[in-house]
Amino acid sequence: MSTVLVTGGTGALGRHIVESLRARGHEVRVLSRRAGAGTHVGDLSTGAGLAEAVAGAEVIVHAATDSRSLRCPDPGQTEQLLRVAGQVRHLLYVSIVGIDDIPFPYYRSKLACEKLIVDSGVPHTILRATQFHELLAAALSVAGKLPIAPLPLDFRFQPVATPEVAARVAELADGEPMGRAADFGGPEVLTLEESVRVWRAAHGVPRGTVRLPLPGRVASAFRRGVNTCPDHRDGTVTFARYVAANEGNPYAR
Ligand SMILES: NC(=O)c1ccc[n+]([C@@H]2O[C@H](COP(=O)([O-])OP(=O)(O)OC[C@H]3O[C@@H](n4cnc5c(N)ncnc54)[C@H](OP(=O)(O)O)[C@@H]3O)[C@@H](O)[C@H]2O)c1
């Protein structure tokens with residue numbers, strides 16, 4: 001049994017990582033900015049509370065992110081964490097498939113985090129996953145509010161279930177630091193048009209769509225499926241099964 005600190009342990013993925021680690025018998029600390037939401041209050045932006053949260057922990061799983069901020073604060077937050085992580089046996093970082101080749105600002109910031117971790121000398125594992133079911137569901141839920149939704153219907157995704165990614169994270173965190181782990185993807189690659197069909201069958205919306213012809217390198221990368229890893233169909237839960245189970249969406253909070 002180890003003491004493991006999970007940053008982002010209140011998030012869509014992190015809550016399942018916490019469950020998986022506890023099921024493996026670890027003592028799990030959950031960092032959150034909000035008192036009562038986790039076990040330790042701390043803020044990766046300012047560094048407040050981090051030293052206390054990390055003290056005595058052997059493993060850190062870094063799954064916190066601020067993907068909604070246009071300032072892309074994740075690298076600064078990762079630096080704050082690395083400042084106090086010198087003594088840990090293993091730091092596991094959750095990243096995203098294909099980010100080297102998709103010049104999207106948030107993905108650039110994830111790549112910068114990976115580099116900071118690699119250069120830090122802290123023993124680490126980086127696990128890149130494909131897009132979560134929750135992310136696709138959140139986007140389609142917004143699109144469903146429009147009478148006709150303009151969407152990049154030819155974008156490709158390989159959506160994956162967060163509990164399955166979490167189980168892999170927990171397994172890797174238990175092992176030795178290995179640098180880059182093999183990518184982790186969902187069971188099928190879908191175009192957005194195919195995902196819309198699945199969503200519409202369950203929710204009746206969006207009733208109509210119109211193809212949004214997005215220019216640029218980011219759109220081209222999503223059309224080519226650079227964000228997918230068809231050779232790693234690790235997850236078993238399809239988007240249709242996720243939608244049918246309709247467990248609620250943490251991104252809607
Ligand atoms: N979404 C996807 O499709 C996808 C795909 C592949 C990989 N990933 C990666 O998986 C990881 C988890 O993503 P997610 O979608 O589960 O995240 P999420 O639901 O948006 O949760 C974000 C988490 O980060 C924490 N956080 C944010 N700012 C913080 C700060 N300043 N200090 C401390 N904690 C902070 C939040 O904690 P509090 O609000 O409680 O403070 C929350 O637990 C990320 O690294 C993401 O890049 C995501």
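The buried residues of α7 are covered by several elements, including α5 (133–143), β7 (148–151) and β8 (156–157). Also among them are β10 (190–191), β11 and α9 (239–245). The model described here is predicted.

The buried residues of α7 are L192, S195, V196 and W199. They cover an arc of only 105° around the axis, which puts them on the same side of α7. The length of α7 was also compared with expectation. Twelve residues at 1.5 Å a residue should span 16 Å. The end C-alpha atoms of α7 are 16 Å apart, so the span agrees with that value.

The chain just after α7 shows two backbone features. G204 takes a positive phi of about 80° just after the helix. A cis peptide bond then joins V205 and P206, with omega at about -10°. P206 lies in the loop between α7 (192–203) and β11 (208–211). Strand β11 is also part of what covers the buried residues of α7.

Another backbone feature is found at C72. Phi of C72 is near 50°, a positive value in a residue other than glycine. C72 lies in the loop between β4 (59–62) and α3 (74–84).

One annotated region was examined. An unreviewed UniProt entry lists residues 8–133 as "domain: NAD(P)-binding". Over residues 8–133, the chain is 34% helix and 20% strand. The end C-alpha atoms of this stretch are 18 Å apart.

The structure holds eight salt bridges. One of them is formed by the side chains of E114 and R128, at 2.9 Å from N to O. E114 lies in helix α4 (residues 105–120) and R128 in strand β6 (residues 124–129), so the pair ties together parts that are 14 residues apart in sequence. Both partners fall under the 20% cut-off for burial. E114 counts as buried because its relative accessibility is 7%. R128 counts as buried because its relative accessibility is 3%.

The side chains of K115 and D119 meet in a salt bridge of 2.7 Å, N to O. E114, by contrast, is buried.

A further bridge involves strand β11. The side chains of D154 and R211 meet in a salt bridge, with 3.9 Å from N to O. D154 lies in the loop between β7 and β8, and R211 lies in strand β11, so the pair ties together parts that are 57 residues apart in sequence. At 27% relative accessibility, D154 counts as partly exposed. R211 counts as partly exposed as well, at 42% relative accessibility. Salt bridges that share partners join D100, E114 and R128 into one network.

Key. Residues numbered from 1 in each chain as written. Predicted model: local features only at pLDDT ≥ 70, side-chain atom pairs only at ≥ 80, totals over all residues. Heavy atoms only, no water. Helix = DSSP H or I, 4+ residues; strand = E, 2+ residues; numbered from the N terminus. Expected span 1.5 Å × (residues − 1). Buried < 20%, exposed > 50% of the residue type's maximum accessible area, 1.4 Å probe, protein only. Arc of directions from axis to C-beta. Contact = heavy atoms within 4.5 Å. UniProt positions renumbered as here; feature names shortened; annotations may be inferred. Salt bridge = Lys/Arg side-chain N within 4 Å of Asp/Glu carboxyl O.
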